[in-house]
Amino acid sequence: MKSSFPRSLQTIIIILVAIGLVTLALGGYFNPLTYRIGQFTIGIQTWVSSRYMALVDFLTVPRDLASMQEQNSALQAEVARLQTEVIDLQQRVTETNILSALVNFARANPAYTYKAAAVIGQDPSPFRRYVIINTGSNDGIRAGMPVVTDQGLAGQVDAVIADAARVRLVTDPASAVNVRLQASNTDAMLDGSVTGDLTLDMISQDATVQVGDVVLTSGLGGGYPANLLVGQVVSVRKQPTELFQQASLQANVDFNRLEYVLVITNFNPVDITPLLATPGP
Amino acid sequence: MMTPILVSIPVLALALLLQTAVISRIMLINGSADLVLLILAAWGLQERVHHAWIWAVLAGLLSGFVSGVPWYVYLASYLAVVGVARLLTRRVWQAPLLAMFSVTLIGTLVLQMATFFALTFLQVPMALGDVFEKIILPSVLLNLLLAIPTYGLVRDLANRLYPGEVEL
């Protein structure tokens with residue numbers, strides 16, 4: 001059956017209807033309708049999408065969880081390893097700094113030859129200020145050799161075995177070191193004590209001693225080489241009724257944190273005991 | 001029975017190693033604990049132990065070799081510690097912790113006073129007041145603090161070395 005409208009007229013009507021719909025849409029007459037349709041469509045899409053993602057999660061999460069747990073364990077092991085490495089490296093940095101300071105000290109005092117040693121223990125008795133070092137007669141260490149750090153005088157080797165030695169610190173109550181006050185060029189005796197405090201004794205009453213004066217070894221007596229730094233005067237006690245002045249000394253070396261020391265191996269201590277006057281019969 | 005004697009060598013050597021490397025560095029004022037003394041005290045208090053005197057001799061010689069204190073001070077003091085422990089074992093065996101505290105107190109005082117007199121005899125200058133206040137009293141306190149854990153460890157060791165007689 002043939003249509004009663006010609007094809008061109010149909011086209012014109014469709015175009016006019018389309019123009020009319022567009023005009024109405026642009027005029028906002030379709031907004032409520034498009035809003036409802038959009039809401040409906042978005043709701044369906046959201047539902048479909050969420051169901052799809054839930055399905056994907058259901059299928060993939062168990063595998064990811066196992067993988068993540070494995071990865072987490074590996075990372076935790078790595079963190080632990082790195083933490084151990086950091087601690088180890090920090091300790092090495094500290095050791096390197098100490099050894100570097102000791103090397104600098106050795107370079108600044110080239111007259112002596114040194115043997116470095118680590119402090120591995122302290123005397124079991126709290127009465128004595130001795131430390132144990134990890135070098136002994138196999139390394140050429142002998143009793144009587146002076147022991148120093150980069151900060152100054154530490155003590156003297158007291159006893160030696162093959163691979164270790166016992167060092168008597170200057171703070172030991174039995175220790176007595178001949179020293180010299182640098183500023184006044186006065187000799188004195190450095191005594192240790194059970195508390196670890198250092199005292200300068202036998203200072204001439206004529207000498208002018210001031211807080212802050214630097215104290216060096218004098219070399220008298222032959223037990224220690226001269227001019228090793230010992231410490232600084234922190235207080236002076238001068239009584240006109242006494243024969244000598246006394247002073248308290250702050251040692252340069254921190255004896256509570258001794259880790260490495262240098263043993264001066266080319267200094268031969270002299271035992272002057274036979275020369276000392278003994279009471280006659 | 002040789003095992004307890006053989007075991008004494010590594011046990012006391014390890015104790016002395018710990019003492020010199022760690023415990024001597026943990027100071028209260030100027031005092032420090034004595035792990036070897038505590039082990040001897042606890043060992044001497046174990047009723048079934050028969051070789052405490054040998055442990056004391058060995059510990060005395062080892063400590064005397066390492067320390068700057070004359071060796072006979074350690075030997076005599078450690079023998080005295082074991083002697084007091086054996087004496088108290090027979091008297092107050094029903095209160096082992098009280099006995100441990102007593103032996104620790106007496107033993108520490110004996111060792112420290114013996115050291116003081118020996119060093120004074122050797123003309124090492126020291127004042128008794130300073131020594132008592134700054135070394136002896138803090139050492140006693142530290143030893144008393146370590147007495148209980150040491151007693152527990154040594155009792156376990158004694159139970160292992162003498163398994164035939166189990167305490168009920």
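Predicted model: local features only at pLDDT ≥ 70, side-chain atom pairs only at ≥ 80, totals over all residues.

Modeller: Let's start with B:Y72, which has a relative accessible area of 39% and is therefore partly exposed.

Now for the rings. A pair of aromatic rings is described by the distance of the centres and the angle of the planes. Searching the whole structure turns up five aromatic pairs over all chains. In one of them, the ring centres of A:F105 and A:Y114 are 6.0 Å apart with the planes at 65°, so this pair is edge-to-face. Both A:F105 and A:Y114 are buried. Our B:Y72 has a ring partner too: with B:W71 it makes an edge-to-face pair, 6.0 Å centre to centre and with 75° between the planes.

B:W71 also takes us to a helix, as α4 of chain B runs over residues 71-91. That helix is among the elements that the buried residues of α2(B) pack against, along with α1, α3, α5 and α6 of chain B. And α2 itself, residues 35-45 of chain B, is mostly covered, with 11 of its 11 residues buried. Among them are B:L35, B:W43 and B:G44. At its N-terminal end, α2(B) is capped by B:D34, where a side-chain oxygen sits 3.2 Å from the backbone nitrogen of B:V36.

Together, chain B and chain A bury about 2,000 Å², and 62% of that is on carbon and sulfur atoms. The elements giving two or more residues to chain B's side of this contact are α1 (3-21), α3 (52-66), α5 (96-121) and α6 (128-161) of chain B. Sorted by class, that side has 14 nonpolar, 11 polar and two charged residues. In total, 27 residues from chain B and 19 residues from chain A take part. What links the two sides? There are zero salt bridges between chain B and chain A, but 10 residue pairs are in polar contact across the interface.

One last stop, over on chain A: A:T195 lies in the loop between β7 (186-191) and β8 (198-204). A:T195 touches B:N30 and B:K134, as well as A:R129, leaving aside residues up to four places away in sequence. Its accessibility is 17%, so A:T195 counts as buried. The side chain of A:T195 also makes a polar contact with the side chain of A:D197, at 3.1 Å.

Conventions
Residues numbered from 1 in each chain as written. Chains lettered and ligands numbered in written order. Heavy atoms only, no water. Phe/Tyr/Trp six-rings, centres within 6.5 Å; stacked < 30°, edge-to-face > 60°. Buried < 20%, exposed > 50% of the residue type's maximum accessible area, 1.4 Å probe, protein only. Contact = heavy atoms within 4.5 Å. Buried area = accessible area lost by both parts, 1.4 Å probe. Salt bridge = Lys/Arg side-chain N within 4 Å of Asp/Glu carboxyl O. Polar contact = N/O pair within 3.5 Å; in protein donor to acceptor, adjacent residues only side chain to side chain. Helix = DSSP H or I, 4+ residues; strand = E, 2+ residues; numbered from the N terminus. Nonpolar A, V, L, I, M, F, W, Y, C, P; charged D, E, K, R; others polar.
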